[in-house]
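Work through the exercises below with the coordinates open. Each task is followed by its solution.

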Amino acid sequence: MKKYTLLMLFASAICHLSAATFTIDKLSFDTICGNECVVYATAPFCLYGSINIPSHIEFCGQSYAVTAIRGDAFRGSKISRVKIPATVREIGPMAFLGTKIKTIEIPSSVRIIQQHDINDGVIKK
């Protein structure tokens, strides 16, 4: 019983201390500092239509706030609309380049928007 308990505690500690990458509903997430994560598509060519980026995700018993959209996150995908939650503070370079998005609304929480994020589209903040 002691060995099992120690093993579970060790596994739990590794799960919470190490960076992790996981996929939920065609979106991938990398955990970063503490309880935050960055979102991107591992196979952007498989995404189309409208997507909603969640504000929080659960992984390994831990809740993570989605605080960034990685550079090239949805580049080349067929998405036409994206909902960005208020937890996002940064959008990486070329995150939406080559998509079908014409207009995108950026929440006021976003402080950093890298260059070339959308094809001649309109970014509303």
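## Aromatic cluster

F22, F29, F59 and Y64 form one aromatic cluster. The model is predicted: local features need pLDDT of at least 70, side-chain atom pairs count only at pLDDT 80 or more, and totals for chains, interfaces and linings use all residues. Residues are numbered from 1 along each chain as its sequence is written, and side-chain values use heavy atoms, with hydrogens and water left out.

**Exercise 1.** Count the aromatic pairs and classify F22 with F29 and F22 with F59.

*Step 1.* Set the rule. Rings of Phe, Tyr and Trp (its six-membered ring) pair if their centres lie within 6.5 Å; planes under 30 degrees apart count as stacked, over 60 as edge-to-face and the rest as tilted. The count comes to 4 aromatic pairs.

*Step 2.* Take F22 and F29. Their ring centres are 5.8 Å apart and their planes lie at 25°, so this pair is stacked.

*Step 3.* Take F22 and F59. Here the centres are 4.0 Å apart and the planes at 5°, so this pair is stacked. It links distant parts of the chain: F22 is in strand β1 (residues 21-24), F59 is in strand β5 (residues 56-59), and 37 residues separate them. Strands are DSSP runs (E, at least two residues), helices likewise (H or I, at least four), numbered from the N terminus.

**Exercise 2.** Decide for F22, F29 and F59: buried, partly exposed or exposed?

*Step 1.* Apply the cut-offs: buried is under 20% relative accessible area, exposed over 50%, partly exposed in between (1.4 Å probe, protein chains only).

*Step 2.* F22 has 8%, so it is buried. F29 has 0%, so it is buried. F59 has 26%, so it is partly exposed.

**Exercise 3.** Where is confidence lowest, and where is it highest?

*Step 1.* The protein's mean is 81, and 78% of its residues reach 70 or more.

*Step 2.* Helix α1 (residues 2-17) is lowest, at a mean of 42. Strand β6 (residues 62-69) is highest, at 95.

Key
pLDDT = per-residue confidence, 0-100.
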